[in-house]
Amino acid sequence: MRIEILTLFPAMCDAVLSESIIGRARSLDLVHIGTRNIRDYTADKHRRTDDSPFGGGLGMVMQCQPIADCFRALCDDWGCRPHFIYMTPQGKPLTQQRVKELAQLPAIAMLCGHYEGVDERVIEVLVDEEISVGDYVLTGGELPALVLTDAITRLQPGVLKADAAFIGESHWDGLLEQPHYTRPAVWEGRAVPDVLLSGNHALQEKWRREQQLERTQRKRPDLLG
């Protein structure tokens, strides 16, 4: 799979993408994740990529030309048109189900906005989908793009040790994950549930399912609908 992040701050993304499980997946060529600096494609001699908004208002707006040229250069380089996602608080909320669907695509590009966002015509002409990671506003789209990249990458074959590593996780089947414990068996007077020490796998599986249902009912009853 190929993922490319179109951004004004590629170093910000590269620092995160080079670490931990995602960094390992990149080094083993299990997935291609790259960044592309939108500023490299501006026609402005001062390398500007934004301008003041028509109609007045605070802030600046990212211009069409640098974004369009950046995306079209990516299409030329790859020999295909990737699914183009704009990370914005106005997008549809990201869900695990959508992550699973996106993880099946061969190529994805993500656009990171800044300032007051991007010229609306970019969205109308180029963007396939708008995604939000929550009902709040950040200073730019880099962190949301990294969230989505991480979520997609960990579902790619070979990135985690086994598919079972993510199949039972929170939101995979609409439920929250059960609690987890490790050594010591007793810590500050609190003991691990006896069933987890019993060696009875059938009882342990039953306990896990009951805990998933109880935890979802208690913490996120809206999911049970």
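Close-up 1. Arg121 is partly exposed, at a relative accessible area of 48%, while Asp119 is buried at 16%. (Buried is under 20% relative accessible area, exposed over 50%, and partly exposed in between, using a 1.4 Å probe and protein chains only.) The two pair up in a salt bridge, with the closest N and O atoms 2.7 Å apart. Here a salt bridge is a side-chain nitrogen of Lys or Arg within 4 Å of a carboxyl oxygen of Asp or Glu. Keep in mind that this is a predicted model: local features need pLDDT of at least 70, side-chain atom pairs count only at pLDDT 80 or more, and totals for chains, interfaces and linings use all residues. Residues are numbered from 1 along each chain as its sequence is written, and side-chain values use heavy atoms, with hydrogens and water left out.

Close-up 2. The structure holds 12 salt bridges. One of them joins Asp40 to Arg47, with 3.5 Å between the closest N and O atoms; Arg47 is partly exposed at 39%. Glu4, Arg36 and Asp77 are linked in a salt-bridge network. Over in helix H8, Lys206 and Glu210 sit 4 residues apart, about one turn of the helix, and their side chains meet at 2.5 Å, N to O. Lys206 is partly exposed at 48%, and so is Glu210 at 41%. In general, an α-helix has 3.6 residues a turn, so residues three or four places apart point the same way.

**Close-up 3. Helix H2 and its cover.** Helices (H or I, at least four residues) and strands (E, at least two) are DSSP runs, numbered from the N terminus. In H2, residues 20-27, you'll find Ile22, Gly23 and Ala25 buried. Looking down the axis, the buried residues of H2 fall within an arc of 160°, so they line one face of the helix; the arc is that of the directions from the helix axis to the C-beta atoms. Ser20 and Ser27, on the other side of H2, are exposed. Cover for the buried residues includes helix H1 (10-17), strand S2 (32-37) and helix H6 (142-153). After H2 comes Asp29, with a positive phi near 60°.

**Close-up 4. A nonpolar surface patch.** Phe9, Met12, Tyr136, Leu138 and Leu143 make up this patch, with about 460 Å² of accessible area together. Patches take residues with over 30% relative accessible area and no salt bridge, joining like charges within 9 Å and nonpolar side chains (Val, Leu, Ile, Met, Phe, Trp, Tyr) within 5 Å; accessible areas come from the Shrake-Rupley method with a 1.4 Å probe, and for residues only the protein chains shown count as cover. Tyr136, in the loop between strand S7 (129-132) and H6, is partly exposed at 45%. Leu138 lies in the loop between S7 and H6 and is partly exposed at 40%. Setting aside neighbours within four places in sequence, Leu138 is in contact (heavy atoms within 4.5 Å) with Leu143 and Pro144.

Close-up 5. A search of the whole structure turns up 0 disulfides, a disulfide being a pair of cysteine sulfur atoms within 2.5 Å. For Cys70, the closest cysteine sulfur is in Cys75, 9.8 Å away and too far for a bond; Cys70 is buried at 0%. The sulfur of Cys80 also has Cys75 as its closest, at 7.1 Å, too far for a bond, and Cys80 is partly exposed at 34%.
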